[in-house]
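Subject: Structure handover

Hello,

Here is the structure I promised to pass on. Please open it alongside this note.

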Amino acid sequence: MTEPNHLPRHHVPDHQPVAGGIAARARAAATPAYLSRLNPEQREAVETLDGPVLVLAGAGTGKTRVLTCRIAHILSQGRARPGEILSVTFTNKAAREMKSRLAEMLGQAVEGMPWLGTFHSIGGRILRTHAEMVQLKSNFTVLDTDDQVRLLKQLLQAEGIDDKRWPARMLANLIDGWKNRGLGPTQVPSGEAAVFANGKGGKLYAAYQERLKILNAADFGDLLLENIRLFREHPDVLRQYQHRFKFILVDEYQDTNVAQYLWLRLLAQAPSKSSLPGLPRQSVAPAQDDGSPGLDTAHRPDDDEKNVVGQRESSAPAPAPRNICCVGDDDQSIYGWRGAEVDNILRFEHDFPGAKVIRLERNYRSTGHILAAASHLIAHNEGRLGKTLRTEDVDGEKVTVTGAWDSEEEARAIGEEIEQLQRAKENLNEIAILVRASFQMREFEDRFVTLGLPYRVIGGPRFYERAEIRDALAYLRVVNSPADDLAFERIVNVPKRGLGDATVQMLHDHARKRRLPLFEAARAVVETDELKPKARGSLRDLLASFDRWRAQAEVASHTELAETVLDESGYTDMWQKDRSADAAGRLENLKELVRSMEEFENLQGFLEHISLVMDRDGGAEEEAVSLMTLHSAKGLEFDNVFLPGWEEGLFPSQRTLDEQGRAGLEEERRLAHVGLTRARRRAKIYFATNRRIHGTWSTTIPSRFLDELPAHNVEITESKGGSGWGGAGGYGASRFDNLESFGSSYATPGWQRAQANRARGSGGRQNYGFEERQSSYGSRDAGGFARQKRGPLVIEGELIAKSTGTTSEFSLDDRVFHQKFGYGNVVKIDGNKLTIAFEKAGEKKVVDSFVERA
């Protein structure tokens, strides 16, 4: 018989407690309930309390659960009191959710956790406690953006700087960017300061900060910047907070900017009496050879203890690392345009030697095919720590890729798919359309109004509710109806014409007395001396402009009229001179507005359509399709996700590629990854062969991201949206050609018209043109033409959706002419796609219907 002490070692691990037995039940009873619901990786992240920890949490892997369970574990184990835990989130909503979950876990309201909040709320609290040390009083005011711009305008006027050439809002954006990078007025590289007001940017920044102190005020950026200065200049205060916080937890670490990084790094260092734990002022690198600023990647903060400001020589041993846990996903860092630094998370192990990295890769949201596609796509990025999402769920439906003729067909096809989902009893709240740029929304909004589909825009107003669109519509409403007082009042001083509130009030008084519309009251007032000469002249010019535009409306198209009104009124010029970050998007929206008018016969019909769009406002509880940008979708999830616009130049964005190169491409790819991982059950990608960008129709190339998807997880499908171009364009069959795909209950007026047209077309007549039928709002009817059904052709690559066009009538070496690119010769033919070597534009790929023989 073997002695107990001499049992073979390999026998020991074999015994496990019997399920349901005494040992198993006793062990379960000893385990807190919040731990029993975690998978092994999550549990490791929760129970690893000592030292620096980086939790790489992929999309849908339960990072919020890990954070809240970690706090609960710290408290339940008695490792710290609530007031000794610093837990930082990015939004107040996330902080509230964390507190709510903690209350559920611990069975009581979470009280006494004053340091659970956003970066800026916690920074503001620290700043009010020590305000005098940074030349403020504890009751200082936090300025909003409007107050900030108004103060900067005063400084520009005092310096004699033209605020039209150098707008205050542009300076506000520059200062905000500098503060996000932890740069005070004396630290701004001269190359950057020179971009504003001929080198006066730095001086104006210093004057602005000085003025804030006089006003006992701080802006949003100061809540962290002044914290950093406080900690650097007063090491005793820093030590106080370092001793206070026994544990530091950070959510969404990949989205931190430089200032947030510096603030955290100061607090995360072990307190030391012999030196100033902190970050060197020199941690911000000087301007590079090209004048551009940036962090010194070879020497980030704390790389070398000898460079710490005020540090004295010490032979004391290095302090133990702090208990800091950062949770984030380098594959979801998509906010570089607002200062986020993905390098912060990539350098965690360098910043905290000996850090433990735990990967959460088990996804609880999406099906297998969606995860495989997203993981394969993001693997093309070089700047990542690496992880592969997996699921124990079923593979589900494959990711679909569909090509459409143009953006109108794209919207029709997606609208039809949503209707099919609705008929299958899918909840509209579980359907989302995620676009790369906000101007893409207009096409979908119009389509949903036509279909009667309720929708909501997340993260911003609906297209027709945006300020620039409302302004443009107000101009057109006054042209159409001079008696429209609300529209006239909205734009009488937009852009600025020196017609302020006093002038408008005078017009109102005159209009009420004479019982006239404001426009006619203005016409009467300009003939008197009641207004000052400058204001009278501005108002007379505006009235004359409206008279001229109204006369032009009789002879010019309504789209030409809209362009003329926006240009001659100075409205377009106002946004062109605006240097704010959203100015370019507003100009793009104005171009999209003019383009949307092409579908209508006249201005009156267009404005009637807009009134219907604006009037459609379901209740807050109504089921509705969600429409948003990819950036706004972060943190959300839906059963069904549509991803339109996957074309080169749009996604990835050409502007991002031009400005940031490879780094920009990788962020765009992360954005695509975020889009795919929003989907639980279905992810549907679309691209259009033709799209109007910057007011010009362009033949587009499918996004490079499509070729980076794994073929065995993707299904190529044909567009169900029909085509407004008809068989003459050779693009493909109508959605009505395959009638068996529709059930007999599908009896909409459009379907019936299409069926009748098809019957007429098959009666021996070849319909190579197409019949346009105008609806009551002037939109094309997709069913007014017949064609023969043809087999599919592959456009390019395995993962590009099928084209159902015919073989091109052109041959190799044919001499052709293109309206945009000029003359050239055909060098390659691929279905109805031609690769042409143009004399001036070089090689371009175009659809053959866009060229003619030379």
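Predicted model: local features only at pLDDT ≥ 70, side-chain atom pairs only at ≥ 80, totals over all residues.

**The whole chain**

The protein chain has 854 residues, and 53% of them are buried. Its secondary structure comes to 29 helices and 23 strands. Take the contacts with a separation of 6 or more: 73% of them join residues 24 or more positions apart. The accessible surface is about 39,000 Å². Carbon and sulfur atoms account for 48% of that surface.

**Helices α7 and α10**

Helix α7 covers residues 145-158, and helix α10 covers residues 201-214. Their axes lie 10 Å apart, at an angle of about 120 degrees. The two helices are therefore oblique to each other. Their crossing is right-handed. From α7, the contact uses Gln-148, Leu-151, Leu-152, Leu-155 and Leu-156. They meet Leu-204, Ala-207, Tyr-208, Arg-211 and Leu-212 of α10. By class, that gives 8 nonpolar, 1 polar and 1 charged residues.

**Helices α22 and α23**

Helix α22 spans residues 518-525, and helix α23 spans residues 533-552. Their axes come within 10 Å and cross at roughly 125 degrees. That angle makes α22 oblique to α23. This crossing is left-handed. Phe-519, Ala-522 and Arg-523 are the α22 residues in the contact. On the α23 side are Leu-539, Leu-543, Phe-546, Asp-547 and Arg-550. The contact holds 5 nonpolar and 3 charged residues, with no polar ones.

Best wishes

Methods
Residues numbered from 1 in each chain as written. Heavy atoms only, no water. Axes fitted to C-alpha atoms, helices over the stretch in contact; angles between N-to-C directions. Helix = DSSP H or I, 4+ residues; strand = E, 2+ residues; numbered from the N terminus. Parallel < 35°, antiparallel > 145°, perpendicular 65-115°, else oblique. Left-handed = near helix turned anticlockwise from the far one by under 90°. Contact = heavy atoms within 4.5 Å. Nonpolar A, V, L, I, M, F, W, Y, C, P; charged D, E, K, R; others polar. Buried < 20%, exposed > 50% of the residue type's maximum accessible area, 1.4 Å probe, protein only. Areas by Shrake-Rupley, 256 points an atom, 1.4 Å probe, with all protein chains shown as cover.
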